[in-house]
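Let's work through a few exercises together, with the structure open beside you. Try each task before reading its solution.

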Amino acid sequence: RQEGDVSLFLASPGPVADLGCGRGEFLEALRGRSIPGLGCDTNPVMVARCREKGLLVDEADLFGWLRARPESSLGGITAYQVVEHLPAEALLPFVELAVSRLAPGGRLLLETVNAESVYAMKWFWMDLTHVRPVPGASLGRLMEACGLRDVTIAFRSPVPREVTGGGAEPSDPLVAAVARLVFAPQDVAVTGVK
């Protein structure tokens, strides 16, 4: 999935930062397409693994790391499965800070668990570090409020067929509506351009 996101950053006006980069999969995908990437993560084990791969990753929290960057210095910023770890009062300051660090034409991409999927919410609270689900529409509004344009919301990670039972959509409209809610895609990615 992250490999597909690389195409969104092919014409980035600067390096692309992956916040909460974990094992560095997206940074590796960027490197594979000759796009400069750098990242940060608070987990020292993940940072060490990234550095072993030759990736430019700092051990830092995303707020401190972004504040240390000059304004308009990044061509793109991603944060995969990060915003659900932030308290509500930190979301607007986070998006504002990220936008301030983007160069004109730079892109912000935030992916999170789809709050509209009952199936995804079943697993959401298994991660005790999750603070709250963040609806994709809310992220989109935050991005627009912070001046980003061309904001899009894409639903991803369909529920596996073995879980949904596969087959055709139920003929009863009520059952079909419930099935769409219960088995909505598990993740949502919201992106916008400065």
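Predicted model: local features only at pLDDT ≥ 70, side-chain atom pairs only at ≥ 80, totals over all residues.

**Exercise 1.** Decide whether R101 is buried or exposed, and find what its side chain meets.

*Solution.* 
- Start with the location: R101 is found in helix α5.
- Next, apply the cut-off. Buried means under 20% relative accessible area; R101 has 10% relative accessibility, so R101 counts as buried.
- Now look for polar partners. A polar atom of the R101 side chain lies 2.8 Å from the backbone oxygen of R69, and one lies 3.3 Å from the backbone oxygen of R67.
- Finally, list contacts, leaving aside neighbours within four places in sequence: among them are L66, P70, E71, L74 and I77.

**Exercise 2.** Work out which elements build the largest nonpolar core.

*Solution.* 
- Begin with the total: this core has 32 residues, and L19, L66, F94, V95, L108 and L110 have the most contacts inside it.
- Then trace the elements. Those that each supply at least two residues include β1 (16-19), α4 (62-67), α5 (88-101) and β5 (102-113).
- The helix α5 gives the most, with seven residues.
- Zoom in on L19: beyond four places in sequence, L19 touches residues including L62, L66, I77 and F94.
- Keep apart a second, separate core of 15 residues, which includes V6, F26, A29 and L109.

**Exercise 3.** Describe the largest pocket and its lining.

*Solution.* 
- The volume is about 460 Å³.
- Of the 26 lining residues, G20, D41, Y80, Q81 and V82 are the closest to the centre.
- Both α2 (25-32) and β2 (37-41) supply at least two lining residues.
- Sorted by class, the lining has nine nonpolar, eight polar and nine charged residues.

Note on methods:
Residues numbered from 1 in each chain as written. Heavy atoms only, no water. 1 Å grid on protein atoms, 1.4 Å probe; cavity = no way out; pocket = protein on both sides within 12 Å on 5 of 7 lines; lining within 4 Å. Points joined across faces, edges and corners; volume = space filled by probe spheres on them. Helix = DSSP H or I, 4+ residues; strand = E, 2+ residues; numbered from the N terminus. Nonpolar A, V, L, I, M, F, W, Y, C, P; charged D, E, K, R; others polar. Core = buried A, V, L, I, M, F, W, Y, C linked by side-chain atoms within 4.5 Å. Buried < 20%, exposed > 50% of the residue type's maximum accessible area, 1.4 Å probe, protein only. Contact = heavy atoms within 4.5 Å. Polar contact = N/O pair within 3.5 Å; in protein donor to acceptor, adjacent residues only side chain to side chain.
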